[in-house]
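I opened the model to look up a few residues and links. My entries follow.

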Amino acid sequence: MSHAAFGRLLASTYQPSTHASSCSVCSAGRYSLAGASVCSFCDVGKYQSASASSACLNCAAGTVAAVVGSVACTQCGLNSFAATTGLSACANCAPSYQSYFGAAACESCVPGRYFSYESFATGC
């Protein structure tokens, strides 16, 4: 099946050579703009889980994509967070703050409790 419309390449497809008679579909983790000769990898902080895509999506707050070409975002771990969308790394919570998996922010410990990275697994 050809993905060309009246001899033009559609977004989300590419033509690997000038002599190709049809267009190819980009795989998950990649995208293509109209008229492209190659698929591009999604940048860090972005992902694309579907094939035949014309754009990548930002990872949601609390999740990250650390490598190019990601097909999904990864939740931030315990006591780390990603405050905004489109991030490539989670940040650690400050001392006396904690978070759970997939957090967009850290919460302060209850009065009388303190978090340190020596007690990482147990939190405050």
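**Entry 1**

I looked up C42 and found it buried, with a relative accessible area of 0%. Buried means under 20% relative accessible area, exposed means over 50%, and partly exposed is in between, with a 1.4 Å probe and protein chains only. I note that this is a predicted model, where local features need pLDDT of at least 70, side-chain atom pairs count only at pLDDT 80 or more, and totals for chains, interfaces and linings use all residues. Residues are numbered from 1 along each chain as its sequence is written, and side-chain values use heavy atoms, with hydrogens and water left out.

I then checked the sulfur of C42, which forms a disulfide with C56 at 2.0 Å. A disulfide here is a pair of cysteine sulfur atoms within 2.5 Å. In general, it is a covalent bond between the sulfur atoms of two cysteines. The angle about the S-S bond of C42 and C56 is -80°, and the link is left-handed. C42 lies in the loop between β6 and β7 (46-47) and C56 in the loop between β7 and β8 (57-58), so the pair ties together parts 14 residues apart in sequence. Strands (E, at least two residues) and helices (H or I, at least four) are DSSP runs, numbered from the N terminus. C56 also counts as buried, at 17% relative accessibility.

**Entry 2: other disulfides**

How many disulfides does the structure hold? I counted five disulfides. One of them joins C76 and C90, with sulfur atoms 2.1 Å apart. This link is left-handed, with -90° about the S-S bond. C76 sits in the loop between β10 and β11 (80-81) and C90 in the loop between β11 and β12 (91-92), 14 residues apart. C76 is buried at 0%, whereas C90 is partly exposed at 29%.

Another disulfide joins C93 to C106, S to S 2.0 Å. The torsion about its S-S bond is about -80°, so the disulfide of C93 and C106 is left-handed. C93 counts as buried at 2% relative accessibility.

**Entry 3: S70**

Is S70 buried or exposed? I found S70 buried, with a relative accessible area of 8%. S70 lies in the loop between β9 (63-64) and β10 (74-75). Leaving aside neighbours within four places in sequence, S70 is in contact (heavy atoms within 4.5 Å) with residues including C42, Y47 and A65.

**Entry 4: F41**

Last, I looked up F41, which lies in strand β6 (residues 40-41). F41 is partly exposed, with a relative accessible area of 43%.
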